[in-house]
Amino acid sequence: DLENPEDFIQQLQDKESLKEKLGLKTEELDKVYARADTLLRENNIQDAEAVAQFLLMFDSKNSMYWVAYGITLLRQEKIEEAKQAFSMSVVLNNQNAWAFYYLAETLIAANEKDQAREVLQELIPELVKVKELSDLLEMAKQLQSSIQEFKKV
């Protein structure tokens, strides 16, 4: 039940993933994740979604796999499902800046601007501290600016 991410995460923590049962290494699945990323960049959303679902089938505890899945949903304008996927990612790893960014973007698409503003107000100060995430910082500032512009209208 993705409606309640915290309960779902607790259930995940209590169970061994398919990845763990089969003895797969994270590096092996990360190669598949790289393919999903490539498909997203090529705007091949249907195939990217299938790859993201495949990854989640093997390791639903990986926050970035939820981000990839959420992006495919967001690009298909499946807003509520995307919001759930990004929420799962945040609950799994509250240090995943990409999950927060895309959650804010999804909240804007859902016309939940105040919630998006709150997410970005927490995210941006943290991004300033991490030089490697400077591109994401600029993206988040642009997203925040678009919310401010919306508020003025």
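## The largest pocket

In this predicted model, the largest pocket holds about 290 Å³ of space; a pocket is an open set of points on a 1 Å grid where a 1.4 Å probe fits, with protein on both sides within 12 Å along at least five of seven lines, and its lining residues have an atom within 4 Å of a point. Elements giving two or more residues to this lining are α3 (26-41), α5 (63-75) and α7 (97-109), helices being DSSP runs (H or I) of at least four residues. Among the lining residues are Tyr33, Asp37, Arg75, Trp98 and Tyr102.

Local features need pLDDT of at least 70 and side-chain atom pairs count only at pLDDT 80 or more, while totals for chains, interfaces and linings use all residues. Residues are numbered from 1 along each chain, and side-chain values use heavy atoms, without hydrogens and water.

Trp98 and Tyr102 both lie in helix α7, 4 residues apart, about one turn of the helix.

The whole structure has 6 aromatic pairs, counted where ring centres of Phe, Tyr or Trp (its six-membered ring) lie within 6.5 Å. The ring planes of Trp98 and Tyr102 stand at 25°, with centres 6.2 Å apart, so this pair is stacked (under 30 degrees). Phe86, Trp98, Tyr101 and Tyr102 form one aromatic cluster.

Definitions and conventions
Points joined across faces, edges and corners; volume = space filled by probe spheres on them. Phe/Tyr/Trp six-rings, centres within 6.5 Å; stacked < 30°, edge-to-face > 60°.
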